[in-house]
Structure formats: structure tokens, C-alpha cells
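Dear colleague,

Please find below the structure that I am handing over to you. My notes on it follow directly after it.

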Amino acid sequence: MPDNKPVALIVGAGDFIGAAIAKRFASEGFAVCIGRRNEDKLAPLVAEIEASGGTAHAFRLDARDEDCVKDVFAAIERDIGPLEVVICNVGGNVRFPVRETTSRVFRKVWEMACFAGFLCGREAADYMVPRKKGAIFFTGATASMRGNSGYAAFASAKAGQRALAQSMARELGPQNIHVAHLVIDAGVDTHFVRERMREAGHDPDSLPPDTLMNPDSVAQAYWNLYRQSPDAWTFEMDIRPFGETW
């Protein structure tokens, strides 16, 4: 049965950014719902949150599957409580020269970054608009703003997600739904980023402090967005380490 805590859903609750967001909102008294395609991988995060006195619920969630998205949202609303915050954090960052980008890769990346955002954003709005309350946030990237060499698939998908978020913000803002897009213009300190650096011949352990972005800093940015007053909502926030060129 619902426990009267505000409810947050993190779609794409991976081991770094998604996990940090979940822990941040749980520490503020939210019942945190976390979803990813492989539900078994969520068990350590649930255990960590519960060990800290928080509340967490794991869901198998393929955000590209419309029926799966609908079922998860319905289960949360029915069994846990009304959704206060939905954060779409699905990735899809791949690098392929355009001549080596297959239609399958292009379509899959678009589904992960853009189509999944549409499905989750639409479903969140369907529940929040009648209540005239809620927040829908999207995780963007440098590629949301500009396409770089080798990132035709990722950049087009993230730019599409940004346009989706902008349209939703203009439509839903007057109905008291805060829609925001967070541009992470940085390498985040994750296993994926560190491996890429090593493959390129760089030692991530030799970097000066604060060169890579801490996932906890991303989580704090989302908490700051959520805490904004309706008379001063941000649609787009961009964050980057102090030494990042832009």
C-alpha cells in the first residue's frame, strides 16, 4: 500500500548517474522507483538505499517498449503512490563514423534517447496533468546541442529528445508541470568513460581533481531543479567541470 512518501521514478537507473539520482531523492524522503532493462542489476542499489533508511522499488523497464512503460507507470500509481517526479535518464552514447552507422544502430540509439523519452514523458504527463502537479526531467548531453564527428546517431537522437522536452515544457508548464532538460556537457566519472579514455591511450587516474564530473553532482543538479519555485522554473540547465572547454 502507498506509504504517503512522494514518489520519484528514475528511468534508466544505471550504476552511476541513475544510481546517484535515486540515492539523492531517497535521502530527501522520496519513495524511489528505479527501472532498467535488467532488473537483477538493481538489487545492490535497492539494498544500499534501504540500508540508509530509504525506500526503493525496482522494476524491469524497457523504456522503448510502450506496453512495458504503461505497465510500470500503472503499477507505481496503484501500489506505491502518485508520481511526483519522473527523470528520463536513458543513454545510448555510441560512436560510429557515419559510413559505418547501420540503420539498426541508428534506430536503436534513437529509440533509447528520443522515443523512450517520448513514451515516458507522455505517460508521466497523463498522470500528472489531471493533478496539476509534477516534474518531468530529461538527461541531455553535449550531443543535444551540437553534432560531433562520429556521433550522427547519438546527436540526432539527443537533439530530438531536447526538442521533445522543449515542446512538452511549453505545453505542460501552464498546467503546473515542470519540464526541464539537463545538458551534461562533460565526461562523467563512470566505468564507461574511464574505459574509453584508456582505449584512447589516456590514464583517467592521472587527471587533476574535478576533471570528470561526479555522478553525485548530476544528482544534486536534478534536486536543485526539483526544488525550484514555480515563479522561477528553469527549462534548460547546462553543467560542466570548471576546466571543460565550451
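In what follows, a residue is called buried under 20% relative accessible area, exposed over 50%, and partly exposed in between. Please bear in mind that this is a predicted model.

Arg-122 forms a salt bridge with Glu-66, and the closest N and O atoms of the two are 2.6 Å apart. This pair links distant parts of the chain, since Arg-122 belongs to helix α4 and Glu-66 to helix α3 (residues 66-79), 56 residues apart. Glu-66 is likewise partly exposed, because its relative accessible area is 34%.

The structure holds 16 salt bridges. Among them is the one between Asp-79 and Arg-78, whose closest N and O atoms are 3.0 Å apart. Asp-79 has 38% relative accessibility and therefore counts as partly exposed, whereas Arg-78, at 54%, counts as exposed. Another salt bridge joins Arg-194 to Asp-189, with the closest N and O atoms 2.6 Å apart. Asp-189 is partly exposed, at 26% relative accessibility.

Aromatic pairs

The count of aromatic pairs comes to nine. In one of these, the ring centres of Phe-25 and Trp-223 lie 5.1 Å apart with the planes at 80°, so the pair is edge-to-face. Distant parts of the chain are linked here: Phe-25 is in helix α1 (residues 17-27) and Trp-223 in helix α7 (residues 215-226), 198 residues apart. Both Phe-25 and Trp-223 are buried.

Trp-223 also pairs with Tyr-226; their ring centres are 5.4 Å apart and their planes stand at 40°, so this pair is tilted. Both residues lie in helix α7, where Trp-223 and Tyr-226 are three residues apart, about one turn of the helix. Tyr-226 is buried, as is Trp-223. Ring pairs link Phe-25, Phe-30, Trp-223 and Tyr-226 into a cluster.

Surface charge

Arg-37, Lys-41, Arg-104 and Lys-108 form a positive surface patch. Of these residues, Arg-104 lies in helix α4 (residues 103-131). Arg-104 counts as exposed because its relative accessibility is 59%, and exposed means over 50%.

With kind regards

Conventions: Residues numbered from 1 in each chain as written. Predicted model: local features only at pLDDT ≥ 70, side-chain atom pairs only at ≥ 80, totals over all residues. Heavy atoms only, no water. Patch = residues over 30% accessible without salt bridge, like charges linked within 9 Å, V, L, I, M, F, W, Y side chains within 5 Å. Areas by Shrake-Rupley, 256 points an atom, 1.4 Å probe, with all protein chains shown as cover. Salt bridge = Lys/Arg side-chain N within 4 Å of Asp/Glu carboxyl O. Lys, Arg positive; Asp, Glu negative; His and termini not counted. Charge placed at Lys NZ, Arg CZ, Asp CG, Glu CD. Helix = DSSP H or I, 4+ residues; strand = E, 2+ residues; numbered from the N terminus. Buried < 20%, exposed > 50% of the residue type's maximum accessible area, 1.4 Å probe, protein only. Phe/Tyr/Trp six-rings, centres within 6.5 Å; stacked < 30°, edge-to-face > 60°.
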